[in-house]
Amino acid sequence: GPIPLPTAKSGQTPRRLPGEVTLNVTKDGTVIVNGQRLDDARLSAMLQRLTSMFPGQPVVLRADKATAYEHVMRVLDLCRQVDIWNVSFATAPPES
């Protein structure tokens, strides 16, 4: 049969995350990352790990137009508390 060739993916994982990390903030203030709902404690822990492994890692806050500003500020504050300053905003509806 055909000989399976090694793909680039099986090599060393780069010390850099692919693209940016998107934090989806729903209108009730729930944060969803990669399809997982995270409460503030888990989100904070995840961001902390992220910034220790990938300093300067860009983060995108994606909020629904119906999402209250206070929820967006809350998530932004969590980012700042763990020293993530490279935050941009997307105003598309969050991925559910």
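## The end of helix H2 and Asp-83

Asp-83 follows H2 and has a positive phi, near 70 degrees. This value, like every other in this report, comes from a predicted model. In space, Asp-83 lies 8.1 Å from Gln-48, C-alpha to C-alpha, although 35 residues separate the two in sequence. Gln-48 belongs to helix H1 and is partly exposed, with a relative accessible area of 45%.

## Overall architecture

The chain holds 2 helices and 5 strands. Read from the N terminus, these elements follow the order β-β-β-α-β-α-β. Of the 96 residues in the chain, 39% are buried.

Among contacts in the chain with a separation of 6 or more, 74% are between residues 24 or more positions apart.

## The sheet

The 5 strands build an open sheet of mixed pairing, in the order S3-S2-S1-S4-S5. Its edge strands are S3 and S5 (87-90), each of which pairs on one side only. On average, neighbouring strands are turned by 30 degrees against each other, direction ignored. Strands of a sheet pair through backbone hydrogen bonds, in either a parallel or an antiparallel sense.

Both senses occur here. S1 and S2 run antiparallel and are joined by 2 bridges; Asn-24 has Ile-32 in S2 as its bridge partner. S1 and S4, by contrast, pair in the parallel sense over 5 bridges, and Leu-61 in S4 is the bridge partner of Leu-23.

## Strand S4

S4 has 5 of its 5 residues buried, so this strand is largely enclosed by the rest of the structure. In a regular strand, side chains alternate between the two faces of the sheet. Both faces of S4 are covered: Val-59, Leu-61 and Ala-63 are buried on one side, and Val-60 and Arg-62 are buried on the other.

## Helix H1

H1 comprises 14 residues (40-53) and reaches 20 Å from its first C-alpha to its last, close to the 20 Å expected at 1.5 Å a residue. Its buried residues are Leu-43, Ser-44, Met-46, Leu-47, Leu-50 and Thr-51. Viewed down the helix axis, these residues fall within an arc of 165 degrees, so they line one face of H1. Ala-41, Arg-49 and Ser-52, on the other side of H1, are exposed.

## Helix H2

The 13 residues of H2 should span 18 Å at 1.5 Å a residue, and the 18 Å between its end C-alpha atoms agrees with this. His-71, Val-72, Val-75, Leu-76, Leu-78 and Cys-79 are buried in H2. These residues cover an arc of only 155 degrees around the axis, which puts them on the same side of H2. Tyr-69, Glu-70 and Gln-81 are exposed on the other side of the helix.

H2 lies across S1, S2, S4 and S5, running at about 165 degrees to S4.

## A salt bridge between the helices

Side chains of opposite charge can pair when their charged atoms come close. In this model the count comes to 1 salt bridge. It joins the side chains of Asp-40 and Arg-74, at 2.9 Å from N to O. Asp-40 lies in H1 and Arg-74 in H2, so the pair ties together parts that are 34 residues apart in sequence.

Asp-40 counts as partly exposed, at 29% relative accessibility. Arg-74 is likewise partly exposed, with a relative accessible area of 27%.

Technical notes
Residues are numbered from 1 along each chain as its sequence is written. This is a predicted model: local features need pLDDT of at least 70, side-chain atom pairs count only at pLDDT 80 or more; totals for chains, interfaces and linings use all residues. Side-chain values use heavy atoms; hydrogens and water are left out. Helices (H or I, at least four residues) and strands (E, at least two) are DSSP runs, numbered from the N terminus. The expected span of a helix is 1.5 Å times one less than its number of residues. Buried means under 20% relative accessible area, exposed over 50%, partly exposed in between (1.4 Å probe, protein chains only). The arc is that of the directions from the helix axis to the C-beta atoms. Two strands pair if DSSP finds at least two bridges between them. Axes are lines fitted to C-alpha atoms, for helices over the stretch in contact, and angles run from 0 to 180 degrees between N-to-C directions. Contact means heavy atoms within 4.5 Å. A salt bridge is a side-chain nitrogen of Lys or Arg within 4 Å of a carboxyl oxygen of Asp or Glu.
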